[in-house]
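Here's a walk through a protein model, one spot at a time. Have the sequence and the 3D view ready as you read.

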Amino acid sequence: MSSSPAASEVSPIADAAPLSLCARSPHVPADRLVAEMVPPPRFDSVRFATYIPDPNQPSQTAAVRVLEGFAAGLGGAHAAAGGKRGFFGLGKARAPKAPAGPRGVYLDGGYGVGKTHLLASLWHATPAEPALKAFGTFVELTNLVGALGFQQTVQTLSGHRLLCIDEFELDDPGDTVLVSTLLGRLVDAGVALAATSNTLPGKLGEGRFAAADFLREIQGLSARFRALRIDGEDYRHRGLPEAPAPFSEEQVAKSAYATPDASLDDFPQLLDHLAKVHPSRYGALTDGVAAVCLTDVRPVPDQSTALRLVVLADRLYDREIPVLAAGLPFDRLFSEEMLNGGYRKKYFRAISRLTALARDAKGLVAAE
C-alpha cells in the first residue's frame, strides 16, 4: 500500500510507512457478506450476564428479562419446519404460517444505552447453530439484497431461526418498501426478528418523509415488533472524561509511523475516496488496520458525504479501531443544519462512536 501524502513529510521511525485507506479499493464477494452476518468483534463475548443495567433505569433490567425469555422461546423447531415452500412466484408457498402476533422485538432508546450489546446477547443466547442466525446492520441488510437480489436473499435467510438488525434506519423510499417486504416474507417463513433503533417503529421516517404510502409501509413494520423502551444516558459518557482534544499534525503522523499496521490519511482526501467505494465494502476497507490516523479533520461538506462517514464510523467502532486525529474535534464535524435535520440520530451516533474511538487512541501518542 502507498502511504498518504501527510506521511511523506515525516521521517520514518518504524520499519514500514503507514497504510493508507485511500489506496484501498476492496472487492467483497457476496458469500462473504452472508458469512459475516454475525455480531462484530466488539460484541463477540457479550452476554446478558455482562450487561450492567443502570440502577436508575429499571427499563434496562426489564429489557434483559424480556429478551432472555424471547431467546428461550426460540429453542424449538423452526416455525415453518415441515412445510414445503414454493419457488417465489412459481406456485403457492406451502409453509405453515407463523403464529399470529408480533414475531420480533424492537429495542428503542438513545445513544449508548447498550442496545447493540443486548441485541448481540440475544444472538448468542438463541439456541441455534451460528449458520441459522444472522446479525447485521440495516445498511448491511440492504447491501445484501443488492448483492444477492431480493428473491435469493429471502431464500438465504428464510431458513434462519433469528435475524437481528442493528441501527434500523429508513433513509429513502426504496429502502422502506424493500425492508418492509423482506421482513414480511421472512416472518411468513417463520423467522424471528429483533432490531435496534433510536426511534420507535411507528415513528420511523418521521421528519424525513410525509407521503401517505410511507406511513402505511412504516405502520406495517411496526406491527411486526414488540417495542421495548430502554432509557438511560450514553454509557460511553458515564463517569468518563471529555473527549480528548485533537492532536497536532506532527503528533498524528509520528504516531502513525510508530504504530504497526496504522493507516494515515488526509481527512478531506479520505472523504473523497469514500465516494468511490460502496458502503458495503467499508468493513473490508479497514481489514488489517490497527489504528486510523487522520490529518486536517474539518467539517463535512455535504449530507451525502456525511452519511458515508457515518457508515465508516460504524465499521470502525464495530472493529474497535482507535482513531487519532488532528484538526477539528469530532463534535464539530456536522453542521447545525445537519444536526437538526432528519438524519440527526445518525450524526449524533457517529459523534458518540468517534469520540469513544478517540479516547482509545490517546495511548498511541502517550507511548511515543
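Start at tryptophan 123, which sits in helix α3, residues 115-125 (helices are DSSP runs of H or I with at least four residues, strands are runs of E with at least two, and both are numbered from the N terminus). Residues themselves are numbered from 1 along each chain as its sequence is written, and the model is a predicted one, where local features need pLDDT of at least 70, side-chain atom pairs count only at pLDDT 80 or more, and totals for chains, interfaces and linings use all residues. Side-chain values use heavy atoms, with hydrogens and water left out.

Is tryptophan 123 buried or exposed? Its relative accessibility is 7%, so it counts as buried (under 20% relative accessible area; exposed is over 50%, partly exposed in between, with a 1.4 Å probe and protein chains only). Leaving aside neighbours within four places in sequence, its contacts (heavy atoms within 4.5 Å) include Val38, Pro39, Leu162 and Cys164. Phenylalanine 135 is another contact of tryptophan 123; the two are 12 residues apart in sequence and 7.4 Å apart from C-alpha to C-alpha.

Now hop to helix α11, residues 303-318, where you'll find threonine 305. Threonine 305 is buried too, because its relative accessibility is 7%. Not counting residues up to four places away in sequence, threonine 305 touches Leu271 and Val300.

Next comes the largest nonpolar core, with 38 residues (a set of buried Ala, Val, Leu, Ile, Met, Phe, Trp, Tyr and Cys residues joined through side-chain atoms within 4.5 Å). Helix α11 gives this core its largest share, eight residues. Tyr347 is among the members that touch the most others, and beyond four places in sequence its contacts include Ala306, Leu307 and Phe334.
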